[in-house]
Amino acid sequence: MAKPKIVSLNFGNAGGSLAQPFSCEVQRSKRKTLAIYISHRKVVVRCPLRASGLEVRQFVNANQQWIEKRLLEESLREKELLRIEKGGKIFYRARELEIVFKQGRKQRILISPDQFIIQGHKLNAAKARIQVEDYLIDKASEYLLPRARGLARHLGVHHKIKEIKLRKTKSKWGHCTSAGIIQYNWLIMLAPYSIIDYIITHEVCHLVHMDHSRRYWALVESICPRCDQYVDWLKQHEHRFWF
Ligand SMILES: [Zn+2]
């Protein structure tokens, strides 16, 4: 397929009614309809090769409110991104805790009702970050791995597991291949246990059904009732876990 032609348009110039000016990338390709995509503060309009400039502008104008709403949501989310720094905030097990750096010989992480205390020797932001990473990886090995195997055993599919990997991925919580390799993102250890259990269940059930069919979701539901609320919770909060 030919590479889409990219043109940039600016919206919200002088006299415009926009709260926030934005620029918009127009990508023409062999498609039939116009559509708008937003990610990383970029607005992209995908449109057919033949769509006129006017058509594109009208389409963007008609969707202006939606675009603005999405851009605003994105910037709010960006403010909530996790930064491991002194005095920062961490959303841990659905509570917002203050990050505290504590000097001490022994490296450890202590969690109090309102503080997430990182203790270490000559602690700085870079060291603290590594400590939090190690902490979450340890927690994932302790909790997530045995539970995933236990559930697989319960479902009679343990023999299908070739390997369970723990990795930090860019946007996914888990993955399961038909070759029996399951992958979990250890950042999930920042979430409440009910959410972690849902993620464990989601991937292990793929060893039974390699799809998202009705049968698959019925199995997930039987282990993790009302899992739709966990899916929603993640959609709403997951952006706060990546660092
Ligand atoms: Zn899935």
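## Helix H2

In this predicted model, helix H2 spans residues 64–79 and comprises 16 residues. The distance from its first C-alpha to its last is 23 Å, close to the 22 Å expected at 1.5 Å a residue. H2 is hardly covered, with a count of one buried residue among its 16.

## Domain organisation

The domain assignment divides the protein chain into domain 1 (5–79) and domain 2 (89–240). A distance of 35 Å separates the C-alpha centres of domain 1 and domain 2.

## Nonpolar cores

The largest nonpolar core contains 35 residues. Within this core, the residues with the most contacts are Ala 148, Ile 188, Met 189, Ile 196 and Ile 199. At least two core residues are supplied by each of strand E8 (115–120), helix H3 (125–154), strand E11 (181–184) and helix H4 (193–205). When its neighbours within four places in sequence are left aside, Met 189 is in contact with Leu 136, Lys 139, Ala 140 and Ile 196.

In general, nonpolar side chains of soluble globular proteins tend to be buried together.

## Packing of H4 against H6

The axes of H4 and helix H6 (residues 227–237) come within 10 Å and cross at roughly 105 degrees. Angles of 65 to 115 degrees count as roughly perpendicular, and H4 and H6 are therefore roughly perpendicular to each other. On the H4 side, the contact is made by Ser 194, Ile 195 and Tyr 198; H6 contributes Cys 227, Tyr 230, Trp 233 and Leu 234.

Technical notes. Residues numbered from 1 in each chain as written. Predicted model: local features only at pLDDT ≥ 70, side-chain atom pairs only at ≥ 80, totals over all residues. Core = buried A, V, L, I, M, F, W, Y, C linked by C-beta atoms within 7 Å. Buried ≥ 20, exposed ≤ 12 C-beta atoms within 10 Å, placed from the backbone. Helix = DSSP H or I, 4+ residues; strand = E, 2+ residues; numbered from the N terminus. Contact = placed C-beta atoms within 7 Å. Domains from an automatic or database assignment. Expected span 1.5 Å × (residues − 1). Axes fitted to C-alpha atoms, helices over the stretch in contact; angles between N-to-C directions. Parallel < 35°, antiparallel > 145°, perpendicular 65-115°, else oblique.
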